[in-house]
Amino acid sequence: MSRLFVRFHNITFTYPSAVAPLFCGLSLHLPCGFSGVVGANGVGKTTLLRLATRHLTADAGTIETPARTVYCPQRTDDVPDRFEQLLGAQTKSAWSIREMLRIQSDWLNRWATLSHGERKRAQIATALWLEPDVLAVDEPTNHLDALARQIVGAALRSFRGVGLLVSHDRELLDSLCTQCVFIDPPDVTVRPGGVTKGAEAARLEQQTAQRQHEQSKRACEKVRREAIRREELARQAQSRRSKRGLAIKDHDAREKKDRARVSGKDGVGGKLRRQLRGQLAHAQDRAETTRVKKQYEVGIWLPGSTSKRNTLLELPAGSLALGEHRQLAYPDLTIRPTDRIALTGANGSGKSTLVRHLLARLEVPPGQLTCVPQEIDAGRSREMLDQVRRLAKDRLGHLMTIVSRLGSRPDRLLASDEPSPGETRKLLLAMGMLSAPHIIIMDEPTNHMDLPSIEALETALADCPCALLLVSHDRRFLEPLTHATWHIAANSDHPDTFTLGIR
Ligand SMILES: Nc1ncnc2c1ncn2[C@@H]1O[C@H](COP(=O)(O)OP(=O)(O)OP(=O)(O)O)[C@@H](O)[C@H]1O
Ligand SMILES: [Mg+2]
């Protein structure tokens, strides 16, 4: 088993519609155990996983990879291949995986109404059950509640082949990975350890490069000044040697010039000048080769406004059907113009269903509601990008500035045939920021987003004056931003019925 590995040799890959290659001359060695794959949205993490598992073919170069590979997708749109076989299998491993990931026998029939967290568990269960030599898991903890996260973490830890893990979950990356592949175009760098250790190493590398760059620049400046000084000396010497401007009969002055030439004293300046030119070229070379990454400014501002209404929602107590046999009961619900509410609850407890129910009953004009849903399928994100491309130039420019300030590349996004989930989310957020909403509703906003953009979003939401309703499993994200919690819990006497409580 330990002889398993994946190796990229000089790989170049470009999507047909793209403006530039995503990878150029990429060589990588991925040994047994998990390698994390990290980088901003749209840099090519999913693409790298799909190349490693032969779902994509490189334009040039070779990839050595064992025969049995599985890619566990980032999107939760489709029923996993072989899920039906997993549900029907009577082997010990199938039973234990179904039990471990709490997979229910009717999930295939209920796929359309399963929550994304449940779909994620189904994907991971199928992938593990197939016992591949290479397992590439793309954002496995998106949508998952705390318990499911633990279960998935433990399940992945039991995997013995070559693992590739894309995640924005630092804890998972740190606890699972022996090395991390950092994609920071045009560089792809492998660093040992989890993401925290790797990111610290990257920071130190960047600091050292910055220091060396500054030293080289200073050295360059010094040599340049010296060169100017000597140029001046040489110029003076030249004018001393030149007889131009001297009267033909001024024999004394002409003789002096000849003496200066014969002694060669003034020629020394010229020689030194040539040496200095060499030194200057060398110093410039060094300054140019110590590459310092350009730091792009990240950060957005959400232009919310406070509604003049007393309430944005007044919903009397009621209940909602969650599929055929399950129900969610809720008390009287009110949202005021400056309320900041966290909506929490385990996977499948009906949070997204409730959000859809509330959306239809909000007393907010459509132009003043920003809603970022939990998932946007691939077809819908392509449509959205098409609409965006048709926007007037100034609006498009504004949107792309926001995308760029969230750390993704507008040129790549606009050329894409299929925006990545993170890019799609940024696009949606940017569209929501074109108006001044009275309420922002976000269902699992941190899913798919890279870390710097999550931080940018946190800061922007903290400063935003409108009402907020945030659905998330990420307590670290919710706590500073909200001051009330609507928590949905299963009823102890009847686990298929849920009740929303206000705290
Ligand atoms: N089929 C495609 N055709 C053209 N461009 C594509 C296609 N699929 C993805 N892209 C583009 O290639 C780039 C890399 O996409 P990829 O999905 O690998 O990014 P990612 O790093 O996984 O992003 P995220 O963090 O959002 O998941 C993105 O800019 C994306 O829009
Ligand atoms: Mg991806």
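The legends below describe close-up views of a predicted model.

**View 1. The residues around ligand 1.** The shell around ligand 1 has 24 residues, and Tyr15, Thr46, Ser416, Ser420 and Gly422 come nearest. Sorted by class, 12 of the shell residues are polar, seven are nonpolar and five are charged.

**View 2. Helices and domains that supply the shell.** Three helices each give at least two residues to the shell around ligand 1: helix H1 (45-52), helix H13 (410-415) and helix H14 (421-432). At least three shell residues come from domain 1 (6-193), and at least three come from domain 3 (313-502).

**View 3. The domains of the protein chain.** The domain assignment divides the protein chain into domain 1 (6-193), domain 2 (204-289) and domain 3 (313-502). Between the C-alpha centres of domain 1 and domain 2 the distance is 61 Å.

**View 4. A sheet of six strands.** The sheet is open, its pairing is mixed, and the strands follow the order S5-S6-S7-S3-S8-S9. Strand S5 (69-72) and strand S9 (187-192) are at the edges; each has a single partner strand, so one side of each has no neighbour in the sheet. From one strand to the next, the twist averages 15°.

**View 5. The pairing of strands S3 and S8.** Strand S3 (residues 33-38) and strand S8 (residues 177-184) run parallel and are joined by five bridges. For Ser35, the bridge partner in S8 is Gln179. In the order of the sheet, S3 stands between S7 and S8, and S8 stands between S3 and S9.

Terms used:
Residues are numbered from 1 along each chain as its sequence is written. Chains are lettered from A and ligands numbered from 1 in the order in which they are written. This is a predicted model: local features need pLDDT of at least 70, side-chain atom pairs count only at pLDDT 80 or more; totals for chains, interfaces and linings use all residues. A residue is near a molecule or strand if its C-beta atom, placed from the backbone, lies within 6 Å of it. Helices (H or I, at least four residues) and strands (E, at least two) are DSSP runs, numbered from the N terminus. Ala, Val, Leu, Ile, Met, Phe, Trp, Tyr, Cys and Pro count as nonpolar, Asp, Glu, Lys and Arg as charged, and the others, Gly among them, as polar. Domain bounds come from an automatic or database domain assignment. Two strands pair if DSSP finds at least two bridges between them. Axes are lines fitted to C-alpha atoms, for helices over the stretch in contact, and angles run from 0 to 180 degrees between N-to-C directions.
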